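Dear colleague,

Please find below the structure that I am handing over to you.

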Amino acid sequence: MSHSHEMSFWEKYVFSTDHKVIGLQYLFTGLFMAAIGGFFVYVFRMQLAFPGISVPGYGEVTPLAYNSLVTNHGTIMIFWFAMPVLIAAFGNILIPLMIGCDDMVFPRINRLSYQIFLLSAIILIASFFVPNGGFGGAWTSYPPLSANPEYNATPLGAPMWLIAVALEFVAFLLGGINFITTLMNARAPGMTMYRIPIVLWMIVIASILFMCSVGPLIAGAVMLLFDQTLGTSFYNPAGGGDPLLWQHLFWFFGHPEVYVVLLPAMGIVAEIMATMARKKLFGYKTILYSVIATGILSFVVWAHHQFIAGIDPRMANLFTVTTLLISVPIAELCFVYIATLYGGSITFNTPMLWALSFMVEFLIGGITGIFLGASGVDIFFHDTYFVVAHFHYTFVPIAIIGFYAGITYWFPKIFGKMLSDRLGKIHFWGTIIPFNFIFIPLFLLGTAGQHRRIWDFSNYSDLATPELFNLRVIATVSLILMILFQFVFVYNFIKSLRSKEKAPKNPWDANTLEWTADSPPPHGNWPELPEKVYRGPYEFSHPDRESDYWPQDEPGPDPADPDYQPRNS
């Protein structure tokens, strides 16, 4: 039986150890940081489309400010939005609820994890207000640009950025330990390994990937901090160092990082597709093993980011092969999802639209990634806007579309209210259409040879043509439209929270355990924890049932049991 007691405001909302409250803290902090990152991209895209003008709401964009805006936009959207929202927020909220326990195994470590994360966000924001502003050496922070204050011109912003990133990593290491331990040790009776909802496997495998990949980068970051502040020469050739060492350490972490944020988003999409198609998730074990294979392969692809860094051509060939090879399990996952939809009775509500769009947009990112994985083509496209467009066709589906899919699906459970489906669809189309009009022009700009780290293209005659100028304007206007439509979501969010109508326990008729708790779940989640789990999470449209769903905790035979005999067979 769970234990609950009356708590003060500070205990309940600020210093809480409740996994749901900590999940919400991560969620709202991540959204706040996303608003900052979104403002940054608005400012530097205005500079790119209309160089030299005073940007409304910001003012003149100097070269130094441009570098800082681009650097921190990338850093924030990956480390302070995608990771905290997709892994920490959804992981904290969903793991105990979906496995039938009352909280994380280490609730105080969980709280400490968020507090360290919040401290990292505060340090990063504070770096914008020191002399010369925030770090401007790109989110990849390649030395010697990042290591020498004379080059990046941000003597305080650079070390603060590095300290903030290091603290953020510490927070996620602590959170990952909790996720793995809780999933392995706190499952309800009968919740076997193959009855765990696939989204939880994705979150936990992502946590393991992060823990295995981040160590070398932390060591590299300490050396970079010493180069910045103590004058050491780990990355300085004049002192015997090697700047390429940082590239190896960074991308050994950086490429698995793509899958760290991809996997939770793919898990969210899988849950929504099975529920909204009223079909069993096709190939549960295939998905699980494909994800494990993806995780292993992600550690042997990092050097495709260094094809123009003087890498031995024989090694380039090796990393071309491993990079192309990793597309096999990812493609397999996509086909499995399509098989889940095939023949289903699909409901095209807001969560399902986000889930379907995730597949379409991510496929564009995956296909264009094949060009960059081949060393011969990558040499031409390297550091052009083709890379930027590919990168965003990968990360926007993961971070933004994955988030919207998840929040619109679990909103009734988290907040106890229903979002407006009509407003949700307006927001969906108002996001998806401009998104494509931002990045399709960037593919064209990249093939024209536009480099991505130039403050003012009017200084380069080959890039200052009217055709390329028009493409930049289309991308920038589309971005502004996309940002404006996010206010529809904010309005829908607030309007729904203020509504007096409560959401039912299980509005989607889903099977997983979280839908058996009240909406929103109280402290401890259930008055009595689920006694037993009888079957997997995706028993939809079963011929033995009058209703088309079969909750995991409802007593009855297990269709996966070899001795099971269908009543209607």
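**Findings**

Ala 138 is found in the loop between H4 and H5. Please bear in mind throughout that this is a predicted model. The phi angle of Ala 138 is near 75 degrees, a positive value in a residue other than glycine. With a relative accessible area of 10%, Ala 138 is buried, since the limit for that class is under 20%.

The loop between H4 and H5 also holds Asn 132, where phi is likewise positive, near 75 degrees, and the residue is again not a glycine. Asn 132 is partly exposed, its relative accessible area being 45%. Pro 144 has its place in that loop as well, and the peptide bond that joins Pro 143 to Pro 144 is cis, with omega at about 10 degrees. A cis bond is also found from Ser 519 to Pro 520, with omega near -5 degrees; Pro 520 is placed in the segment after H16.

Helix H4 itself covers residues 107-127. Its 21 residues should span 30 Å at 1.5 Å a residue, and the C-alpha atoms at its ends are 31 Å apart, so the two values agree. Among the buried residues of H4 are Asn 110, Tyr 114, Phe 117 and Leu 124. The elements that cover the buried residues of H4 include helix H2 (19-49), H3 and helix H6 (157-185).

The structure holds 59 aromatic pairs. One of them is formed by Tyr 26 and Tyr 114, whose ring centres are 5.2 Å apart; the planes stand at 80 degrees, so this pair is edge-to-face. Because Tyr 26 lies in helix H2 and Tyr 114 in helix H4, the pair ties together parts that are 88 residues apart in sequence. Both Tyr 26 and Tyr 114 are buried. Phe 39 and Tyr 42 make a tilted pair, with 5.9 Å from centre to centre and 40 degrees between the planes. These two residues both belong to helix H2, where they are three residues apart, about one turn of the helix. Phe 39 is partly exposed, at 34% relative accessible area, whereas Tyr 42 is buried, at 16%.

Charged side chains also meet rings. The charged end of Lys 285 sits over the ring of Tyr 194, 4.4 Å from the ring centre. Arg 472 lies over the face of Phe 457, also at 4.4 Å from the centre of the ring.

Beyond its neighbours within four places in sequence, Phe 358 is in contact with residues including Leu 262, Met 266, Pro 397 and Ile 401.

Two further helices deserve mention. Helix H14 (residues 385-415) has a kink of about 45 degrees at Tyr 409, shortly before the proline Pro 412. Of its 31 residues, 30 are buried, so H14 is largely enclosed by the rest of the structure. Just after H14, Gly 416 takes a positive phi of about 75 degrees. Helix H16 (residues 466-498) contains Thr 476, which counts as buried at 1% relative accessibility. Leaving out residues up to four places away in sequence, Thr 476 touches Arg 45, Met 46 and Ala 49.

Yours sincerely

How values were computed
Residues are numbered from 1 along each chain as its sequence is written. This is a predicted model: local features need pLDDT of at least 70, side-chain atom pairs count only at pLDDT 80 or more; totals for chains, interfaces and linings use all residues. Side-chain values use heavy atoms; hydrogens and water are left out. Contact means heavy atoms within 4.5 Å. Helices (H or I, at least four residues) and strands (E, at least two) are DSSP runs, numbered from the N terminus. The expected span of a helix is 1.5 Å times one less than its number of residues. Buried means under 20% relative accessible area, exposed over 50%, partly exposed in between (1.4 Å probe, protein chains only). Rings of Phe, Tyr and Trp (its six-membered ring) pair if their centres lie within 6.5 Å; planes under 30 degrees apart count as stacked, over 60 as edge-to-face and the rest as tilted. A charge sits over a ring if NZ of Lys or CZ of Arg is within 6 Å of the ring centre and within 35 degrees of the ring normal. The bend at a residue is the angle between axes fitted to the seven residues ending there and the seven starting there.
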